[in-house]
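Okay, thanks for having me. I'd like to walk you through a structure, so let me put it up on the screen.

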Amino acid sequence: FFIIYGIMQIPAGMFSDLWGPRKTILGFTMLTIVGIFLFWMSFRFEMLAVAQIIMGIGCSVFYINAVSLITHWFPIERKATAIGILSAASGLGNFTSYMGVPLANTMFGGWRNLYLLVALILLINTGMNFFVLKEPPNIEKREKKSAMTTLRSFAEVLKDKRIYPFILGYLLLSFGWVLNSWMTLFLMETKGLTYVEGGLVTSLGTIAGIPGCIAMGAVSDKL
């Protein structure tokens with residue numbers, strides 16, 4: 001999942017230029033739902049791995065395209081706060097996963113019911129987004145880029161040295177995010193914690209990050 005998710009970050013932005021954020025979000029969310037249903041019904045390693053690859057591809061485009069929509073929807077004095085709220089929602093999702101899987105395993109004897117619930121919620125959410133999510137007027141009116149033009153734009157971005165410190169910072173941030181995914185199992189094996197206790201400890205950072213993202217976004221707008 002994480003390997004595919006990381007690789008897909010580059011084309012995720014290019015898909016937005018080619019098709020627009022709305023179509024990209026809706027299409028790849030449906031792909032995520034397919035991956036979740038496949039994971040839910042799979043019992044073989046090969047099918048579980050294929051499902052994870054599909055989910056990695058599907059999930060990879062959402063954040064970048066959501067940020068793209070926010071930058072067009074909100075005035076400059078509120079953009080950072082809006083992105084902070086979006087990031088806080090991501091933190092809430094992480095907290096739900098860190099605690100949801102252990103609780104589902106304890107209460108229902110497995111994780112499959114939780115995956116099915118997530119797939120159904122995503123399906124409803126996609127239906128809502130189909131009617132509610134709109135491209136900003138300046139995106140709808142602009143001429144869609146060709147694949148070659150998008151590749152040239154990508155090459156121009158790489159030539160700008162100002163982006164490399166941000167790439168490094170985001171790389172380190174993502175490392176911590178991936179590390180958290182293994183933290184629960186690590187705590188269970190080395191510290192003897194239960195699944196629920198390990199999930200709670202792992203989720204503490206994401207809980208702190210929820211108000212932190214919103215606060216830092218507001219501070220950024222003020223400064």
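Before going on, a bit of housekeeping. This is a predicted model, where local features need pLDDT of at least 70 and side-chain atom pairs count only at pLDDT 80 or more, while totals for chains, interfaces and linings use all residues. Residues are numbered from 1 along each chain as its sequence is written, and side-chain values use heavy atoms, with hydrogens and water left out.

Back to Asp160. Its partner in a salt bridge is Arg162, with the closest N and O atoms 2.7 Å apart; a salt bridge here is a side-chain nitrogen of Lys or Arg within 4 Å of a carboxyl oxygen of Asp or Glu. Arg162 counts as exposed, at 65% relative accessibility.

The structure holds 3 salt bridges. Another one joins Glu156 and Lys159, at 3.5 Å, N to O. Both residues sit in helix α9 (residues 147–159), 3 residues apart, about one turn of the helix. Helices, by the way, are DSSP runs of H or I, at least four residues, numbered from the N terminus. Glu156 is partly exposed at 49%, and Lys159 is exposed at 59%. Then there's Arg44 with Glu46, at 3.6 Å, N to O.

Now, the inside. The largest nonpolar core has 7 residues: Ile36, Leu38, Phe39, Ala51, Ile54, Met55 and Ala119. Helices α3 (21–41) and α4 (45–59) are the elements that give two or more residues to this core. By nonpolar core I mean buried Ala, Val, Leu, Ile, Met, Phe, Trp, Tyr and Cys residues joined through side-chain atoms within 4.5 Å. Leaving out residues up to four places away in sequence, Leu38 touches Met47, Val50, Ala51 and Ile54, where a contact is heavy atoms within 4.5 Å.

Ala119 takes us to α7. Its buried residues are Leu114, Ala119, Thr126 and Asn129. Seen down the axis of α7, they fall within an arc of 135 degrees, so they line one face of the helix; that arc is taken from the directions from the helix axis to the C-beta atoms. What covers them includes α3 and α6 (79–108). On the other side of α7, Ile121, Ile124, Phe131 and Val132 are exposed.

Note on methods:
Buried < 20%, exposed > 50% of the residue type's maximum accessible area, 1.4 Å probe, protein only.
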